Each structure stands twice: as structure tokens, then as C-alpha cells.
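Visitor: I have a chain to look over with you. Can you walk me through what the atoms show?

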Amino acid sequence: MSESTVFIPPERRPSRGPFVPPLLILPLVLYNIVALLFMGGNTDGWQTQMFSVSMLSGSSWSLTAGDLMLVLGLGCLFFEVLKATQTGRSSVVEHMLSMLVFVVFLVEFLLVGGATSSVYFLLMMMSLFDVVAGFTVSITSAGRDVTMG
């Protein structure tokens, strides 16, 4: 080693944490379980009212099964964007797996009748946003790590 080489001992290296698979696989699997097993492939089941709350204005607010699935998807998307801000050796693998999840969403949307609902389409768009945001954040942070001159 030359005199200008800096060695960082393993205990002082910043740890990225354990590998976490793409979180948007949770709504994908849950949608398939609910839609294909419990709803029999009928997409109208996502409009089933789960509960209703009377508001102070006098109107009532109701939450459907599809709304709950979208809330789950948004929560997963939030944590996926947070994961994308961390760079490390496994980030490329995580981006590839996120792309694979999007491809599964897309193929299922095109070929499976039970996946032709607006709930599924919006979950698929969340997966696409995850892929685009992950690559964008990684490229931006990599550009800052490169020093010119």
C-alpha cells in the first residue's frame, strides 16, 4: 500500500443494513390472494365498503377494500423511496428486483382478468414510480460522489 492509501477498519465502515426485498411485493401478493382466492377473480369486490364514519358535516365517509389496498401500497412506496436514498453494493440488486416486481405487475395486468381493476392499475403505477425514483435517486447520488478535476 502506498502512503496515500487510507484503510478503514471493518468496524468503522458505515453499514447499510440488511438486504430488504422490494416492499411493493406485499400489495402484489395480497391483491392476488384476495382477488383470485376470495373474490373469485371478480374485480367488483374491491368496491366493497369496509366501514363508514359519520362526519361533523353530516355526510358519511366510507372506506372500501380497494382504498385499504391503495393505502398499503402508498405506505410501501414511501419506504421504498427511503430505501433508494441509501447507496451500497446491494442497491443494484434491489433496483433489479423492483423492476422485476413492476414487470410482474404489468404482465399480470395484461393477461389476468382478475387484475383489470383501477386498484391494480394504481398499484402497478406505484411500482413504476418506485423503479423510476430508485434509479433517479441512485444516479443523482452517484453523480455527487464522482469528483471532476
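**Burial and layout**

Guide: Buried residues make up 30% of the 149 residues in the chain. Buried means under 20% relative accessible area, exposed over 50% and partly exposed in between, with a 1.4 Å probe and protein chains only. This is a predicted model, where local features need pLDDT of at least 70, side-chain atom pairs count only at pLDDT 80 or more, and totals for chains, interfaces and linings use all residues. Residues are numbered from 1 along each chain as its sequence is written, and side-chain values use heavy atoms, with hydrogens and water left out.

Visitor: How many helices and strands does the chain have?

Guide: The chain has 4 helices and 2 strands. From the N terminus, the order is α-β-β-α-α-α. Helices (H or I, at least four residues) and strands (E, at least two) are DSSP runs, numbered from the N terminus.

Visitor: What share of the contacts with a separation of 6 or more comes from residues 24 or more positions apart?

Guide: That share is 65%. Contact means heavy atoms within 4.5 Å.

Visitor: Which residues of the largest nonpolar core touch the most other members?

Guide: Tyr31, Trp46, Met69, Phe105, Val119, Tyr120 and Leu123 do, out of 22 residues in that core. A nonpolar core is a set of buried Ala, Val, Leu, Ile, Met, Phe, Trp, Tyr and Cys residues joined through side-chain atoms within 4.5 Å. Helix H1 (25–38), H2, H3 and H4 each supply at least two residues of this core. H4 gives the most, with 6 residues.

Visitor: What does valine 119 touch?

Guide: Valine 119 is in contact with Tyr31, Trp46, Gly66, Met69 and Leu70, leaving aside neighbours within four places in sequence.

Visitor: And tyrosine 120, what does that touch?

Guide: Tyrosine 120 lies in helix H4. Not counting residues up to four places away in sequence, tyrosine 120 touches Leu28, Tyr31, Val104, Phe105, Glu108, Phe109 and Ala115. Its C-alpha is 9.7 Å from that of leucine 106, 14 residues apart along the chain.

Visitor: Switching to rings. How many aromatic pairs are there?

Guide: The count is 7 aromatic pairs. Rings of Phe, Tyr and Trp (its six-membered ring) pair if their centres lie within 6.5 Å; planes under 30 degrees apart count as stacked, over 60 as edge-to-face and the rest as tilted. Phenylalanine 109 and tyrosine 120 form a stacked pair, 6.3 Å centre to centre with 5° between the planes. That pair joins helix H3 (residues 91–111) to helix H4 (residues 118–145), its partners 11 residues apart.

Visitor: Is phenylalanine 109 buried or partly exposed?

Guide: Phenylalanine 109 is partly exposed, at 22% relative accessible area. Tyrosine 120 is buried, at 0%. Both sit in a cluster linked by ring pairs, along with Tyr31, Trp46, Phe105 and Phe121.

Visitor: Now charges. How many salt bridges does the structure hold?

Guide: The structure holds 1. A salt bridge is a side-chain nitrogen of Lys or Arg within 4 Å of a carboxyl oxygen of Asp or Glu. Glutamate 80 and lysine 83 form a salt bridge at 3.1 Å, N to O. Both are buried. They are 3 residues apart in helix H2, so about one helical turn separates them.

Visitor: Where do the buried residues of H2 lie?

Guide: The buried residues of H2 include Met69, Leu70, Glu80 and Lys83. Seen down the axis, the buried residues of H2 fall within an arc of 130°, so they line one face of the helix. The arc is that of the directions from the helix axis to the C-beta atoms.
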